[in-house]
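Keep the structure open as you read.

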Amino acid sequence: MSKSMTQGNAAKLILLFSLPIMAGNFLQQLYNTADSIIVGRFVSQSALASVGTCAPLTMLFIALAIGFSTGGSIIVSQYFGAQKLEDMRKSVATSLIMIFLIGFVLSVVGVATSRILLRDLLAVPESALEEAVTYMTIYCCGLVFQFTYNSVAAVLRSLGDSKATLYFLLISSVINIVLDLVLIINFNLGVAGAALATIFSQFVSAVVSLFYMFKKYEMLRFAKGEFRMDKEKLIMITKTGIVTTVQQCVVSMGHILIQRVINSFGTDLMTAVTAAGRVENYVLIPIFGFQAGMSTFTAQNVGAKQTDRVIEGYKRTLVMVVICCAAVVALIMVAAKPLIGIFGVEGRAMELGIQYLRCLTPFFVLFGFYMCTAALLQGSGDVFYAMLCTMFSLFLRIVLTYLLAYNTPLEYTAIWWAQATGWFLCSGMAFVRFKLGTWKKKALI
């Protein structure tokens, strides 16, 4: 059943909504980690660097999927909160079709341009280029499945159903890990095996999620001729989706520029950042879980004209975010060395990975504060300002990275110090907007 978040204990509703998303994110990170461990230990350390250097590009494609899916989910959530179910159905159909088409086009474009992007945009060293191209080309074949799954998951979360995505990711994770072991160890397919395992698991997620949505939700079973794009809803979703997508893409392009700096310091740093990034992603699990909960809670309650309830939920969520982040950060600070070592990393790369984690990880408490506040702004419809916060922060991070990495004794450490500085900026900007209350007048319906 769909779950309204407009009544009941705010903290409890947000927590119960967020926990399945966290569990799902944990499973996703678990199979990403397994992917990296298997590549690092059973292929080579250079193969791990090759897969890792593709991350900014894969993040760019994921950003597009999440951006347009978020645009649709905000509209669906607000219609659901206002109990305008016919408009909600039209929004769901329009969102699903639009995002599928975007995913298909990007699959084709990604396959055609993988080498150019890696060689010219990311400046991947020759020693890692061929394996990186192999991984990226195969990965792009599955973008249409990735986009389809993200669009369905966003619709389900809009209706208050966050548990379903946990089940989908559980199935996907098991398939991915099993195929990794079989294709890499038994068939010696190397990075190609890792990419094939990923796209097959994405295909299964897309199929299972579609079947679940149409099977469980009678109101989303479309009769012949009903499952089509609605012009009015397409315009609304596009306006909202473009803003969130631009934000996501700007962030991803920023990561590409930062990856160029990482690549310029050699494969040891590439390997270190890949391994540390996998560990770092576990800190993001509670952050992104509560972000999704806060965004949906805000959208439904703004649709129901209950802004005071949004503020109550925001305050409770901040407390939960800080507690969770502090606990995970403490664990990673203590166990940095064995966590990096899991990936088969050693020597200079091991030292750099530990340094990265111990310098940057404590600042994730601040990042959690920002993401919670940004979720409130996005859920209310104030998506443009949320984008501005991210863009200004990223601009500062890129400028500081390039200035400090090549012109000061900080060198490569400028990469993480600049990131922490950017988080301070966006946190301040978002909190000021919240306090001014401008977001209360940004409802989209």
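Val321 is buried, as its relative accessible area is 2% (buried means under 20% relative accessible area, exposed over 50%, and partly exposed in between, using a 1.4 Å probe and protein chains only). You will find Val321 in helix α11, residues 307–334 (helices are DSSP runs of H or I with at least four residues, numbered from the N terminus).

Leaving aside residues up to four places away in sequence, Val321 touches Phe290, Gly368 and Phe369 (contact means heavy atoms within 4.5 Å). The C-alpha atoms of Val321 and Cys372 are 7.8 Å apart, while 51 residues separate the two along the chain.

## About the model

This is a predicted model, in which local features need pLDDT of at least 70 and side-chain atom pairs count only at pLDDT 80 or more, while totals for chains, interfaces and linings use all residues. Residues are numbered from 1 along each chain as its sequence is written, and side-chain values use heavy atoms, without hydrogens and water.

## Aromatic pairs

The structure holds 25 aromatic pairs (rings of Phe, Tyr and Trp, the last by its six-membered ring, pair if their centres lie within 6.5 Å; planes under 30 degrees apart count as stacked, over 60 as edge-to-face and the rest as tilted). One of them joins Phe145 and Phe203 edge-to-face, at 5.1 Å centre to centre with 70° between the planes. This pair links distant parts of the chain, with Phe145 in helix α6 (residues 143–158) and Phe203 in helix α8 (residues 190–216), 58 residues apart.

Phe145 counts as partly exposed because its relative accessibility is 27%, and Phe203 is partly exposed at 34%. Elsewhere, ring pairs link Phe265, Tyr356, Tyr402, Tyr406, Tyr412 and Trp416 into a cluster.

Note on methods:
Helix = DSSP H or I, 4+ residues; strand = E, 2+ residues; numbered from the N terminus.
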